[in-house]
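Here is a note for a colleague who is new to this entry. Please look over the chain before reading the points.

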Amino acid sequence: MKYPPKHHQDSDRNHIIEVIKTYPLATIISVVDNAPLITHLPLIYENGKLIGHIDIYNPQTEYLKDNNDITVLFFGPQCYISPSIYSTTQLPTYNYIRIHLKGKVTAIEDKDALKQSLITMTEFLENPNPKYTLDPDNPRLDANLSYIKMFEIDITHWEGKFKLSQDKKTSDMVAAREELIRANQESIREFLDKLI
C-alpha cells in the first residue's frame with residue numbers, strides 16, 4: 001500500500017494533484033487591505049494551472065486578475081482516530097489530508113474560452129459516469145456567459161499535508177486508513193440526517 005510522505009511533510013506533487021482532482025471544491029483566499037476575501041469554488045487542474053469561474057457579483061471577482069497573489073486550499077477526508085483501532089498501544093490522534101497552494105491569478109477575458117471551459121469543467125465533474133453533457137448550443141449557457149468570469153491560477157508554491165498515521169507499523173496504518181474510510185462514510189450520513 002502506497003502512502004504519501006509522513007505527517008506534516010510536503011508530499012509528492014502527484015499526490016497533491018490527485019487530491020485536487022478528487023476534491024475539486026477549493027477555498028480561494030485573496031487579501032485586500034489586510035482582510036481576507038474568501039470564496040468556495042470548484043477548480044480544475046489543467047496543464048499545471050488551476051482554472052475556475054466566478055460570478056461577476058462576487059466581491060472577490062475584481063481581485064482575480066492582474067497577476068494578484070492568491071492562496072488556495074483543498075480539503076480531503078479527515079477523522080478522529082481512536083487508539084482502540086490499533087493493535088499496539090497508541091494515543092488518540094486526528095488524521096487528515098489538506099492542500100495549501102499559493103499562486104498568481106489572471107483573468108481570462110475570451111468568451112469562447114469561458115464557454116469551452118464551462119463545458120470541460122462539466123465533463124470533468126460528471127465523470128466517471130456522465131449523465132449530463134453541457135451542450136455548446138444551450139441558450140441558457142450563452143445567456144449566462146456575461147455573468148461569469150473565468151480565471152486561471154499559476155501555482156507558485158505547493159504544500160500537501162497528509163497525516164495518515166504513517167509513523168505507525170503497517171497493520172496500524174492500514175487500520176487507520178480503514179477507519180478514515182468508515183468514519184467519513186458514516187459521518188456524512190449522520191450529518192445529513194440532522195440537516196434534512
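Which residues of α2 are buried? Point 2 takes this up.

1. Basis. This is a predicted model, where local features need pLDDT of at least 70, side-chain atom pairs count only at pLDDT 80 or more, and totals for chains, interfaces and linings use all residues. Residues are numbered from 1 along each chain as its sequence is written, and side-chain values use heavy atoms, leaving out hydrogens and water.

2. Buried residues of α2. They are L114, K115, S117, L118, I119, M121 and T122. Buried means under 20% relative accessible area (1.4 Å probe, protein chains only). Their cover includes β2 (35-42), β3 (44-46), β4 (49-55), α3 (139-144) and β7 (148-163).

3. D110 caps the N-terminal end: one of its side-chain oxygens lies 2.7 Å from the backbone nitrogen of D112.

4. Layout. The protein chain has four helices and seven strands. Helices (H or I, at least four residues) and strands (E, at least two) are DSSP runs, numbered from the N terminus. Their order along the sequence is α-β-β-β-β-β-β-α-α-β-α.

5. Whole chain. The C-alpha atoms fill a box of roughly 60 × 40 × 30 Å along the principal axes. Of the 196 residues in the protein chain, 39% are buried. Take contacts (heavy atoms within 4.5 Å). Among those between residues at least 6 apart in sequence, 73% join residues at least 24 apart.

Terms used
Buried < 20%, exposed > 50% of the residue type's maximum accessible area, 1.4 Å probe, protein only. Polar contact = N/O pair within 3.5 Å; in protein donor to acceptor, adjacent residues only side chain to side chain.
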